[in-house]
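Trainee: Could you take me on a close look at the nonpolar core and the aromatic rings in it?

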Amino acid sequence: MLKNGKKDNLTYKVFETRAEMGEYAAAEAAKEITAQIGRKGTINMIFAAAPSQNEFLAALISHSEIDWSRINAFHMDEYIGLDPLAPQGFGNFLKNAIFDKVPFASVNYINCAASDPYSESDRYAALLKEHPCDIICMGIGENGHIAFNDPAVADFHDKKAVKPVTLDNVCRQQQVNDGCFASIDQVPLQALTLTIPTLIAPDSVFCIVPAATKANAVYNTINGEISESCPASILRTHKNAVLYLDKDSASLLG
């Protein structure tokens, strides 16, 4: 570890490489997962789908001490109108990265092909209400979003658990920057997302954010106002959130 610090309630840890960051975050997450299973028997987890999570997810599934059969899995966002088989689908990403790699008790997908996104939002919200999340593993977008809560649609006091949103162009361009789409016109305009109150409700938050493209968002998360203009800044209010960075994403922290 290169350095660590704390701003308000949010602890952050900086590592030399993405691989080191992912392995360290996975080791700490595995410890928390096994502890919560020991206390509760069965737990519920939410996962982010993005290339930023690759090292973390690959390391996490290598932890043989985790009893995956005691975990119900969810994801935090999904495009609307994307072909259900498209590799860019977040459910498909997680299926390949983790959901099909370990024997979860259940895997609960958001349906990107649902004809009515509002009904699909309500359906998934009901599942989350039935299985309140214990641990969430997430990232931060280039515009400071968490899940698909871009600044224009982020609401720290949202009454909905899941909602349809229109994606801003910074968010859509990030999908191109990440190599998921060839051009911005291929990126869907709308998505379903868990809202911010849903994302910060779990007991433990593991936030994994590598890459220089995230440096501004990381700086604003830690040093800016706690505001919907940088939705990730809400993590500074959480009682048990840790932000894992590599030297590139932490480059503006000094």
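Mentor: Happy to; we will go from the core to its rings. This is a predicted model, where local features need pLDDT of at least 70, side-chain atom pairs count only at pLDDT 80 or more, and totals for chains, interfaces and linings use all residues. Residues are numbered from 1 along each chain as its sequence is written, and side-chain values use heavy atoms, leaving out hydrogens and water.

A nonpolar core is a set of buried Ala, Val, Leu, Ile, Met, Phe, Trp, Tyr and Cys residues joined through side-chain atoms within 4.5 Å. Buried means under 20% relative accessible area, exposed over 50%, and partly exposed in between, with a 1.4 Å probe and protein chains only. The largest core has 45 residues, and I33, F47, L60 and F104 are among those that touch the most other members. Its largest share, seven residues, comes from helix α1 (residues 18–40); helices are DSSP runs of H or I, at least four residues, and strands are runs of E, at least two, numbered from the N terminus.

Now the rings. Rings of Phe, Tyr and Trp (its six-membered ring) pair if their centres lie within 6.5 Å; planes under 30 degrees apart count as stacked, over 60 as edge-to-face and the rest as tilted. That rule gives twelve aromatic pairs. In one of them, the centres of F47 and F104 are 6.0 Å apart with planes at 70°, so the pair is edge-to-face. F47 sits in strand β3 (residues 43–47) and F104 in the loop between α3 (90–99) and β6 (106–108), so the pair ties together parts 57 residues apart in sequence. F47 counts as buried at 0% relative accessibility, and F104 is buried at 11%. F47 and F104 also belong to one aromatic cluster with W68, F99 and Y109.
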